[in-house]
Amino acid sequence: MADASSLHCPNCGAAVQSEAGRCPFCRARLATVSCPACFALMFAGAAFCEKCGAKRARVADEGEGAHARCPGCKSELQRIAVGTMAMLECAACDGIWVDAQDFERLCADRDSQSAVLHRLSRREAAGASTRVQYRPCPRCGKMMNRVNFGKVSGTVVDVCKGHGTFLDAGELHQIVTFILDGGLERARERRLEEIRDEERKLLDERRKAAHERDRQSTTSTLGTRSVIDIADLVDLIGGN
């Protein structure tokens with residue numbers, strides 16, 4: 001990774017950490033990008049990585065998504081690329097929109113996960129509200145569902161099925177860290193155990209139902225036999 005002293009705020013010139021999302025002195029937003037080859041960080045204006053010389057990975061796109069609005073703060077989203085991942089990023093609140101296909105690929109592709117970890121810091125949204133807020137999808141405008149990623153990660157994100165996922169500042173980093181720590185595997189194991197428990201409960205219920213049917217059948221048979229025995233006794237008495 002490039003040495004921190006080689007990165008300076010383009011607004012005030014102060015030395016900054018490569019992981020910083022904003023300058024700690026003037027609070028200007030630092031448009032750092034990921035190198036597609038070594039994942040070192042550099043400023044977006046640089047054409048090549050200062051560490052390995054590879055062409056920069058993050059590019060602005062004025063095409064698709066250029067006029068989409070951030071579900072969090074309503075600012076305009078800007079299309080970027082981190083490694084080979086395409087995303088929409090909010091310059092105001094640092095929220096990120098990831099299309100459904102790209103998000104699925106991120107969950108499975110280690111190179112994309114590494115690029116995200118090197119590009120995005122653990123920063124949290126300043127003054128983030130703990131109040132539950134349902135937000136509109138920037139694609140279709142419908143309210144998104146709030147989902148605990150992997151059911152056990154503790155990171156609640158906004159999801160529009162079929163369109164994509166919106167993440168507040170820091171949440172994409174949390175999700176990738178969760179994946180790399182084996183979180184998805186643990187979530188799958190937990191789900192498999194839940195399925196096995198459900199199957200066991202269903203089997204027990206079926207066994208109990210079968211036992212109850214057998215018991216009722218036996219009772220009914222005994223009752224019928226008693227009636228037959230009484231009828232035989234009456235016939236016997238009458239015959240005498």
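## Overall build

Of the 240 residues in the protein chain, 35% are buried (under 20% relative accessible area, with exposed meaning over 50% and partly exposed in between, for a 1.4 Å probe and protein chains only). This is a predicted model, where local features need pLDDT of at least 70 and side-chain atom pairs count only at pLDDT 80 or more, while totals for chains, interfaces and linings use all residues. Residues are numbered from 1 along each chain as its sequence is written, and side-chain values use heavy atoms, leaving out hydrogens and water.

The chain holds four helices and eight strands (DSSP runs numbered from the N terminus: helices are H or I with at least four residues, strands E with at least two). Along the sequence their order is β-β-β-β-β-α-α-β-β-β-α-α.

## A patch on the surface

Val132, Tyr134 and Met143 make a nonpolar surface patch of about 350 Å² (residues with over 30% relative accessible area and no salt bridge, with nonpolar side chains Val, Leu, Ile, Met, Phe, Trp and Tyr joined within 5 Å and like charges within 9 Å; a salt bridge is a side-chain nitrogen of Lys or Arg within 4 Å of a carboxyl oxygen of Asp or Glu; areas come from the Shrake-Rupley method with a 1.4 Å probe, and for residues only the protein chains shown count as cover).

Met143 sits in the loop between α2 (110-119) and β6 (145-148). Its relative accessible area is 57%, so Met143 is exposed.
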